[in-house]
Amino acid sequence: MTTQSNSTTKTSSSNFVILYSVFKRDIGLALTRKTDTLGAIFFFALVVSLFPLGIGSEPNLLRQIAPGVIWVSALLASMLSTNRLFNDDYQDGILEQLLLSPCPLELIVFTKILAHWCCTGLILLITSPILAIQFDMSTETIEVLMMGLAIGTPILSCIGAIGSALTLGLKSSGALISLLALPLLIPVLILGTLAVGAVGSNVSFSVYLNLLAALCVLSIFFGPIASAAGLRIALD
Amino acid sequence: MDNSHLSSSQPTKKINWFAFSAPSRFYALTQKVIPLCWFMALSFGIAGLVIGLLYAPTDATQGDSYRIIFIHVPSAWMSMVLYTAMAFWAAIGLIFNARLAYRLSISIAPTGALMTFIALWTGALWGKPTWGTWWVWDARLTTELILLFLYIGYISLYQAIDDERKAAKAASLLAIIGVVNVPIIYFSVKWWNTLHQGATITMTKAPSMESSMLLALLLMTVAFWAYAFAAVFTRTNQTSLIEDHHADWVKTVLTSSKASS
């Protein structure tokens, strides 16, 4: 009995060591490859800035389209960066090592998604108010937009991870990931923009944020499982 | 000509659910069914179109433009039914590791995408005279459009992976994720629509339907089902012949077809 519990704690602690090193490594890699990490953020800022140039700088119009524009750009920027989520580890063989490790692949994938979110979703979230100000959004709507992005960007990372796992090792995976993941992300876009749109109206924005949170919980649970299944298929 | 091992009859009394999971037995069975399906698709389709276009009365509010529903409604139904069927066979394929189930699933996709496209196209043709616009961001239209993207994503993923087994498994996983997400997409689109657009247009058709209209619609639905079966089985069998080209049963099938022609 004692030995059993002892071994259980031992494996769980060794699992934690594995997960911590995976997390640290992914964050470290993202910090080393500044062009990739910053590239996604500048892409985000650039796409958002293109809209006033294309549509015109009428303040009322900009205020109206701002949440949609910021959300769509966040979706695209997130898709751009998920391309590398598993591919680099696949190229240098680390992914196969992780598959062989005693730690469940689902937990490893979850950790990688978390690291990915810290390097993209979190930074998108921090950058978004600056862009929102460019679009003349009010403080109240910016708050709701940021709350929506805080709940919604983990979903982007989770679904992006599934797309990344399914297209592992393919030459032209970039466009394919977007084609696979973006249709699945439409509910996130809709709920995120609805929440901002509800600020001025008589509907409570928390309804949409609650639904978004439900999707977030679902995708955090099923995303790593589906991604791990995809990785197992690719490395079979 | 020795055709005994292609025989589809089972001597056992118990139902063997996996009897037709062997591509050879499935091939033998469907080769008999396919001509019947084509015949039904053609005859029911012609009958449905004749009744629908010539005998069904003109609609009081929509005029003759409503007649496109005889194509539009069956294709829209099929687009959804086929996606579910595709995901079902994908799941069966993943659970039992059955290659014929993967083949069925992949064979369904192009027909499903075609049906979705026809539904969208005919919907646009109907929308112009009735609503005055080709396209509205209505909940149903948007979901149907997303369904088309899901089909295309599934086909693209399968095409992109060279290894057939890996391609089938990866695409199956995607189909299952997609089918889980479809109701979520539908409801999210519906909520988004109700807030932004208001009840300007509803998709509800004429409340009561003339019996000849209903008959034409039913005939067309049967025709579309028969077409889908024929197309999917033909595609599945072609894939079987190509992928199992080294198997004995393919050689027997090919030599016997050569001898008969």
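## Confidence first

Chain B averages a pLDDT of 83, with 87% of its residues at 70 or more; pLDDT is the predictor's confidence in each residue, on a scale from 0 to 100. A contact here means two residues whose C-beta atoms, placed from the backbone, lie within 7 Å. For the complex, the predictor gives an ipTM of 0.86 and a pTM of 0.86.

This is a predicted model, so local features need pLDDT of at least 70 and side-chain atom pairs count only at pLDDT 80 or more, while totals for chains, interfaces and linings use all residues. As for labels, residues are numbered from 1 along each chain as its sequence is written, and chains are lettered from A and ligands numbered from 1 in the order in which they are written.

## Chain A overall

The C-alpha atoms of chain A fill a box of roughly 65 × 40 × 30 Å along the principal axes. Of its 236 residues, 48% are buried. The cut-offs: buried takes 20 or more other C-beta atoms within 10 Å of a residue's own, exposed takes 12 or fewer, and partly exposed is in between, with C-beta atoms placed from the backbone. Among chain A contacts between residues at least 6 apart in sequence, 81% join residues at least 24 apart.

## Helix α2 of chain A

Helix α2(A) covers residues 34–55, and its 22 residues should span 32 Å at 1.5 Å a residue; the end C-alpha atoms are 32 Å apart, which agrees. The expected span is 1.5 Å times one less than the number of residues.

The buried residues of α2(A) are A40(A), F44(A), V48(A) and F51(A). An α-helix has 3.6 residues a turn, so residues three or four places apart point the same way. The buried residues of α2(A) pack against α3 (59–82) and α7 (121–134) of chain A. After the helix comes G56(A), with a positive phi near 115°.

## Around the α7–α8 loop

D136(A) sits in the loop between α7 and α8 of chain A. Its phi is positive, about 65°, although D136(A) is not a glycine. Most residues other than glycine have a negative phi. D136(A) is exposed, with 12 other C-beta atoms within 10 Å.

I142(A), by contrast, is in helix α8 (residues 139–166) of chain A and is buried, with 22 other C-beta atoms within 10 Å. Leaving out neighbours within four places in sequence, I142(A) is in contact with P129(A), A132(A) and M137(A).

## The core

The largest nonpolar core has 141 residues, and L185(A), L157(B) and L174(B) have the most contacts inside it. Such a core is a set of buried Ala, Val, Leu, Ile, Met, Phe, Trp, Tyr and Cys residues joined through C-beta atoms within 7 Å. Helix α9 (residues 173–197) of chain A gives the most to this core, 16 residues. Not counting residues up to four places away in sequence, L185(A) touches L75(A), L156(A) and I159(A).

Chain B has seven helices and zero strands, and 38% of its 261 residues count as buried. N97(B) is in the loop between α2 (69–96) and α3 (99–131) of chain B. N97(B) has a positive phi near 50° despite not being glycine, and it is exposed, with 11 other C-beta atoms within 10 Å.

Across the interface, 23 residues of chain B are in contact with 21 residues of chain A. On the chain B side, α4 (139–160) and α5 (164–196) each supply at least two residues, and α5(B) has the largest share, 14 residues. By class, that side has 17 nonpolar, four polar and two charged residues. Ala, Val, Leu, Ile, Met, Phe, Trp, Tyr, Cys and Pro count as nonpolar, Asp, Glu, Lys and Arg as charged, and the others, Gly among them, as polar.

Conventions. Helix = DSSP H or I, 4+ residues; strand = E, 2+ residues; numbered from the N terminus.
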